[in-house]
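Here are my notes on the model you sent over. Please read them with the structure open.

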Amino acid sequence: MTAIGWVQIILYCAIIVALTPLLGGYMTRVFNGERTFLAPVLRPVEVLLYRAGGVDEKSEQGWLAYTVAMLLFHVGGFVILYALLRLQGALPFNPAGMTGVPPDLSFNTAISFLTNTNWQNYGGESTLSYLVQMLGLTHQNFLSAATGIVLAVALIRGFARASAKTVGNFWVDITRCTLYVLLPICVVYTLFLVWQGMPQTLGSYIDATTLEGAKQTIAVGPVASQVAIKMLGTNGGGFFNANAAHPFENPTALSNFVQMLSIFALGAALTNVFGRMVGNPRQGWAILAAMGVLFIAGVAVCYWAEANGTHILSSLGLSGGNMEGKEVRFGIVASALFAVITTAASCGAVNAMHDSFTALGGMIPLINMELGEIVVGGVGAGLYGMLLFVIVTVFVAGLMVGRTPEYVGKKIEAREVKMAMLAILILPLMMLGWTAVAVVYPPAVASMANAGPHGFSEVLYAYTSMTANNGSAFAGLTGNTLFYNLSGAVAMFIGRFWMIVPAMAIAGALAAKKSVPPSLGTFPTTGGLFVGLLVGVILIVGGLTFFPALALGPIVEHLSMLAGSVF
Amino acid sequence: METSKVRKRMPVSTLVDPKIVLPAIGQSFVKLDPRTLVKNPVMFVLEVVTVLTTVLLLRDIVQGGQSLAFELQIVVWLWFTVLFANFAEAVAEGRGKAQADTLRQTRTQTRAKRLLSADNPERFETVAADDLRSGDLVVCEAGDVIPGDGDIIEGVASVNEAAITGESAPVIRESGGDRSAVTGGTTVISDRIVVRITSSPGTSFLDRMIKLVEGAERQKTPNEIALTILLVGLTLIFVFATATIPSYALYAGGSISVVVLVALFVTLIPTTIGALLSAIGIAGMDRLVRFNVLAMSGRAVEAAGDVDTLLLDKTGTITFGNRLATEIIPVPGVTEREAAEAALLASDADETAEGRSIIALAQDKYNVRREAAPAGAKFIEFSAMTRLSGVDAGTRKLRKGAIDSVLKFVREQAGHDVAEPAAFRAAVDKIARSGGTPLGLAENGRILGVIHLKDVVKPDVKDRFAALRRMGIKTVMITGDNPVTAASIASEAGVDDFIAEATPEDKLRYIRNEQSNGRLIAMCGDGTNDAPALAQADVGVAMQTGTQAAREAGNMVDLDSDPTKLIEVVEIGKQLLMTRGSLTTFSIANDVAKYFAIIPAMFAAFYPQLGVLNIMGLSSPQSAILSAIIFNALIIIALIPLALKGVKYRPIGAAALLRQNLLVYGVGGIVLPFIGIKAIDVIVTALHLA
Amino acid sequence: MLKEIRPAIVFIVGLTIITGLIYPLAMTGIAGAIFPSQAQGSLIEKDGKVIGSALIGQSFTEAKYFHGRPSATTGPDPKDPTKSVSAPYNAANSGGSNLGPTSKALADRLKEDVATLKQENPSAAVPVDLVTTSASGLDPDISPAAALFQVPRVAKARSVPESSVRALVESETRGRWLDLLGEPRVNVLKLNLALDAMKS
């Protein structure tokens, strides 16, 4: 670890903290239906959509109607994406002449992008046409991100409102989120990325003749416009197979830094939206602080592990950290930092190959996802995953002070606890359950690229990533098999919607409750004590759930590595 | 306030009391019935896996397994775990049963004298008390046990209520007013009363009391349900965490025996809190009973812990009930003696402490002789609506009462607006500012003067309210006094708010208003006119001396009729929730050490590298697993006293309380099992058990 | 539920057109106008022919050129397109080795590569980035240490003094952005182009 490395980490955190109230304030205005400075341009588009859809922007929906609207919206998105993937060979914008994607891979990919997972069992540049990348994937990147944001906002409204029947209007929220939040940032962001060297062209792949006279086909495409929303929307699905490690998808250290910022920006801002909407910004900062503690701890371990390198490298006298699967322009620190960020949020973009990380360095992304990507969380499952943990924490802590637990003025009772547990339960079931099936199913074992505990980690990482809707991978695992395509689709689908529906039910139940004014007898949820307790509950619940699996994966691999064993 | 006054009528049994422990041991086995155990999901799951391992053990014995001694010990300790949990519940119930038995002894086969017709109190038939129906009229004479709950419709009697309250000094019960209720099982000592029975057989106060202390009809409270859901969720998580291990082990080229897997599972699921959960709930009710407060439901006890606002009657709670007249101040133009005479006459039939003190004052200080009331004098009783009392003697209409009521009376009598003499207002204000109560005195359309009633605030209430404030509870004083008087007493006593010149409607309005702002309200009351407010309040404590209507409306009854006990009730409610929370935290925190004991032991055969995780240095894989299981079982027994006694509540504010409990039960919960498991391992190894 | 079907269709279609067509096509137009070189892929032309992209590494094996990092990219086997074979710096199929920290395959390869490099330049420590594969397989850069390590070989192959090659390496070395972000590095293709230019 180096001083300059830590300076980069601290600078990163400082900028995120500075951006949070700015974006949070803006997003609060957007979701409160207030006029923003972009209204002159975008308001007509917004109104046109409402009119065409027959939506009254003033009328709101209860949690169930809101959820149903969201699900219908996803059914439509799935149909379009699946059709595009299957039919791409017959459609325009296909200079590389890609043929239709097979049914199981199409199914997996459609679910994957729909659920904001962006798990990719294919290489983008070798499988997809430009039309699918744009119309299929770019658009899903927008919509799954917007869905994540508006669901979090609906849950926030549940906390913020008192004796209310509704949590907002899905159609209005999704439109305003897309038009006023995501699109404007992406326009500016795209131009920045192109400036840094990212291609944005509809031209065909380049045939170059190298200095040594060999032929090199260089894949290009409309990369920047997709990468902008891929990062901002914490989607993470790469245009290219190597994702953000590809020099075209992440050309410079600066583009890398800004990409890392854009992963956390909206997720962190949502904590501020939460604070503002419940009428006490400190509530939002407390949540962000808990996220920050977990984040810094993760970064420290991962950076330390990667900088230390592996036994194989040190035994050959190679110093400078574990550079296998990392890019020179990023080095150790930006690779470790990126890995923690991308899994702390539900992004899943990678600028280094996690599969080649050290055992402990690779365990941090794994743990981040196992906890449900609640650290900032990105725009998907993040904030509401964190709020589920908050409910459990507040419930136990509240009892310890001798009151029916309350959080931001809402009593936490049986219904909330039930829904929170239902949502929290699904993570270990999908992550551990599918792993248990795959590691004893010979065709699935055959997909592993590494033997021994690392092979186990590859499978565990795969289902953890898919269930948590992350999308990053220990990429050595050959995922494009019937078994992984289908089981993965199930994991992604359940991991997304089994979280969303209970979270929305909580939103509805909370909105209907009265708001209790705080007193000295109310346990304060803005101080260090709460932050510490929340972190403790997350680590203990998460740790207890996943300790056996981690012991048989990364922990035993690390201990083997120290002993100099290879597999 | 005067907690020492609380009579500990109920027998205080300790844990080691063989009268409770021996039956409880028997009950522990009876409660193994899965139909009983299914109400406690964590324990039910434990029983299921225990049965499973027992079957496997039997199979291994038949087939000749390799580590039979080890498996046998695990199975035995698993059964102990279930039994210990049952024992905890049985002990808690046993303590209640002991109390119920005491109550039952008082409910002998009472005979009732049922009137044959309402208009003739002399003709009755003798029937068994159990045959009485609601609405029957019974007559009770000196020496009779009152056969059921009811209201006196005729007569006055002194009644010994020791059977219910433990207080042997007889109380006066009379028809009409706020002291008309009688309770079945109490004894008439003198006189003769006619009672209208208000309860049906088996639903009398005594019956309900027995059921309550026995916990026979105990239903899970809302918070207990929520906690159970959390525990079931955690159990399921651990099902996933352990059920997947064999497959992972197979990949790694090893295998895990079912017994070991069950051992891991059982130590991980929250058996500690699961075992103690119902005992905590029963013990909470029990603590209330010890305080001579009967809660009609566990829900009410929980609500007590959540109370945000306490409505306290000033009189008797904040001040010594008896306000005494200390001075009679006439208005200019009226002599002292004239005013004193009027005051005496107006109070002639007033049997309240105030009334008597006015008469005493008039006689002693102003030397007015008390004569028989003029013939035809009609006494006007005080009512909460008019807030006036007095006498109509011929053309003289004398009134004393609340200032604004007296002024209103004067205006009505005069038929026009009467100027309030400046001296009168000055005297009123001066009295009020001093914390006293000014009582207006008027004759027909003329104001005569003002009587100064002194109201003395109890010495320790201020500290008490400060403590409540630290608990986050707002205190509201309810008084019939005028706002100035009320404010003066409120500041002296240190309450947060007050309702002056309060009518029952005011109380109800105040409660509704607070509730609509999301607050929970507790109050106590005894009169029939308190009933709506008692019913509306989240915690309504009715005084045992109160009317039947009040006792029906409240969700708790204070057998000592001590309004200050509301504060203890709140503390007991908080204690109940705290005990649950603390033991849940402890239970979950324990798991950390258990992982460090079992995981390295479990995988030792195929990943010896994981031995690094054996930070406790347990001697062998088998002893590690056995020690964890033994610790898991013994900790239940060790925590039974805490579950029954409850975690101590201190009014130091939520944050400080949390920090303290977190340190003790959270950090302690992580550290203690490391020490405990290691110690057990040393013993297990020394005894060559594994 | 039926009530929500119309908005579902309208918003799916409407937002798909906005975000999936209008947005990327507009960005393609604008980016192409403002940053034409970057938008096309930062291509480097020599004598009117594209020789590569400044951002994409290419395979160098000759002694007279600086070599990039090992690349784990693959390409379709010319004999059997369903199978893939090693094809370093295949810019149409990026990817890393994905070998883990306890991989025997990785350990064996590294042992071999380190031995080869030690033979080539026994006087310096082998830089880690010169033997480890990059994440993309297309890493255009090597560390300054990795470039300096190769100076003796390149100078010998080109029969030029080591000092002038070293000077060239130093002039092609790029520092951190604002001395803060990223790592110091040397773009191998640009360095080799400069090397070729130096000769003439």
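1. **Conventions.** This is a predicted model, in which local features need pLDDT of at least 70 and side-chain atom pairs count only at pLDDT 80 or more, while totals for chains, interfaces and linings use all residues. Residues are numbered from 1 along each chain as its sequence is written, chains are lettered from A and ligands numbered from 1 in the order in which they are written, and side-chain values use heavy atoms, with hydrogens and water left out.

2. **Which chains touch.** Contact means heavy atoms within 4.5 Å. Two pairs of chains are in contact, and chains A and C share the most contacts. Chain B and chain C do not touch. Their nearest C-alpha atoms are 14 Å apart.

3. **Chain C against chain A.** Here 99 residues of chain C meet 110 residues of chain A. The buried area is about 8,200 Å², with 69% from carbon and sulfur atoms. Buried area is the accessible area (1.4 Å probe) that two parts lose on being put together, summed over both.

4. A salt bridge needs a side-chain nitrogen of Lys or Arg within 4 Å of a carboxyl oxygen of Asp or Glu. A:Arg329 and C:Asp139 form a salt bridge at 3.9 Å, N to O.

5. H1(C) gives the largest share, 22 residues. Helices (H or I, at least four residues) and strands (E, at least two) are DSSP runs, numbered from the N terminus.

6. **Domains of chain C.** Chain C splits into domain 1 (1–40) and domain 2 (42–199). The bounds come from an automatic or database domain assignment. Taken over C-alpha atoms, the centres of domain 1 and domain 2 of chain C are 39 Å apart.

7. **Chain A against chain B.** In this pair, 60 residues of chain A contact 63 residues of chain B. They bury about 5,100 Å², 77% of it on carbon and sulfur atoms. A:Met400, A:Leu544 and A:Leu552 supply 15% of the area that chain A buries against chain B, more than any other three residues.

8. **Polar links between A and B.** The rule finds one salt bridge across this interface. A:Arg403 forms a salt bridge with B:Asp308, with the closest N and O atoms 2.8 Å apart. The count of residue pairs in polar contact is 13. On the chain A side, helices H14 (378–400), H15 (414–438), H17 (452–467) and H19 (528–562) of chain A each supply at least two residues. H19(A) gives the most, with 15 residues.

9. **Seven-stranded sheet of chain B.** The sheet is open, with order S9-S21-S20-S19-S10-S17-S18 (chain B) and mixed pairing. Two strands pair if DSSP finds at least two bridges between them. Strand S9 (293–295) and strand S18 (497–499) of chain B are the edges. Neighbouring strands are turned by 20° on average, direction ignored. Strands S20 (539–543) and S21 (556–558) of chain B run parallel over three bridges. B:Val541 stands opposite B:Met556 in S21(B). Helix H18 (483–493) of chain B packs on the sheet, at about 150° to S18(B). Axes are lines fitted to C-alpha atoms, for helices over the stretch in contact, and angles run from 0 to 180 degrees between N-to-C directions.

10. **Six-stranded sheet of chain B.** This open sheet has the order S11-S16-S15-S14-S13-S12 (chain B), with antiparallel pairing. Its edges are strand S11 (324–330) and strand S12 (378–380) of chain B. Strands S15 (437–443) and S16 (446–454) of chain B pair over seven bridges. B:Glu443 stands opposite B:Arg446 in S16(B). Helix H13 (336–346) of chain B lies across the strands at about 85° to S14(B). Helix H16 (422–433) of chain B makes about 10° with S16(B).

Technical notes. Polar contact = N/O pair within 3.5 Å; in protein donor to acceptor, adjacent residues only side chain to side chain.
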